[in-house]
Amino acid sequence: MADFQANTRPFAELDRAGRTRRLRRLAEAALTAYAVPVARLTPLAHGLNTAFRVDGADGHRYVLRVQRPDGPGPARVRSEMAWLAALCRETDLVVPRPVPTRERDLIAVVADPAVPEPRTCVLCHWVDGRFVDERLSPPQLYALGEFTARLHLHGGRMNGLDRGRVDDLTEFGRTQVDGFSPAVVDRAVARTGDERIRDAVARARAVRAELGFGADAFGLVHGDLRQVNYLFHRGRVRAIDFDDCGFGHYAYDLAVTLAELRHLPQREELREALLDGYRSVRPAAATTDPLVLAAFAGLRRVQLRLR
C-alpha cells in the first residue's frame, strides 16, 4: 500500500529520495536513446539537476544528467553540449565528452507519466579525477589558471551558440534588454532590503564598460568554476558541470574561482598562483586586474543572495 501511495503522490509533494526514484525511471527511458549497454545506474549527489552514474556493460562509465524543469531549455542544453564537443575535438582540455544519441543528437527529451513535465537529458563520458579543496596547492592553482585561460581562448571563438549571460542578476533581469536596468536593481533591492546592491551593480556595470565586449575580454565562459567543478588527475586539471556556461567577461570566471578560496588559510598564495597561471597564457589580459576581479566578485555575491 505504501509503495502504491508513493507512486501516485504528486511529484511536487515527494521528498528528494522520492523524486530521485521517479527520475531514475525517466533516466532509464532516456538511456534507450543511446547505443550504450547499461549494467548499472547509480544516483549521484542531487543538486539543481539530477545526475546518475552509468556503468556500461562495455566497461566504460558515463554520467547521465536529467535537467531541472526551470533550467536551460533543450536548445540551450544542446548548445552547452556543442561547446563541450568542440572543446574535446579542438583542444586537449579535459571536459565531459558528450555521447550522441542513436539519432546523432546531443540531447534526449524524455517524458514519464510519473514526472509532470518532459525532461532534457544528456549523457557524457565520465571524467576521472579527485577534488582537493582544503589541500589545494599553488602548483594546482597555477595549472587551473592555465586551463581557464585556454578555455577562454576557445570560448572567444564560439559565437552563435544559444546560451544566456552569466552576469544577469535574476530571472526577471534575463527578460530585459539591460539586465542591470534600474527596474532590475530595484526589484533586487526590494527582495533583499539591501541598498548596497546598487553600488555592487554600479561597479560591475562600470567594469563591463571599461573592458568592452571584444573577444579579448568577453566570450563563452564556464560560469561556475568553483572547487566542486574542477578536479585533478595525474597532475592535470579537468573541469565538469558546464550547466551554467554562458556569455560573459572572462574575469567573471576567475572571480568565481577566487571567491571559493576565501575559507582557505593559503588563499593569497593560491590567488597569485591562479592569476600567474592565467597570465602565462594570456599575458596582456586586463581580466586579472584586482579592481576588475573585485567588481565581479561583488556581483557574484549579489547573484547568490538572489537565487
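The radius of gyration is taken over C-alpha atoms, and the globule rule is 2.2 Å times the number of residues to the power 0.38.

**Figure 1. Overall fold of the predicted model.** The protein holds ten helices and nine strands. For 307 residues, the rule puts a compact globule near 19 Å; the protein has a radius of gyration of 20 Å, which agrees. Along the principal axes, the C-alpha atoms fill a box of roughly 60 × 45 × 40 Å.

**Figure 2. Interior and contacts of the protein.** Of the 307 residues, 51% are buried. Consider the contacts between residues at least 6 apart in sequence: 69% of them join residues at least 24 apart.

**Figure 3. Surface and charge of the protein.** The accessible surface comes to about 15,000 Å². Carbon and sulfur atoms account for 51% of that surface. The side chains include 46 positive and 40 negative ones. The centres of these two sets lie 3 Å apart.

**Figure 4. Helix α8, residues 250-259.** Buried here means under 20% relative accessible area. Ten of the ten residues of α8 are buried, so the helix is largely enclosed by the rest of the structure. The buried set runs Y250, A251, Y252, D253, L254, A255, V256, T257, L258 and A259. An α-helix has 3.6 residues a turn, so residues three or four places apart point the same way.

Conventions
Residues numbered from 1 in each chain as written. Predicted model: local features only at pLDDT ≥ 70, side-chain atom pairs only at ≥ 80, totals over all residues. Heavy atoms only, no water. Helix = DSSP H or I, 4+ residues; strand = E, 2+ residues; numbered from the N terminus. Buried < 20%, exposed > 50% of the residue type's maximum accessible area, 1.4 Å probe, protein only. Contact = heavy atoms within 4.5 Å. Areas by Shrake-Rupley, 256 points an atom, 1.4 Å probe, with all protein chains shown as cover. Lys, Arg positive; Asp, Glu negative; His and termini not counted. Charge placed at Lys NZ, Arg CZ, Asp CG, Glu CD.
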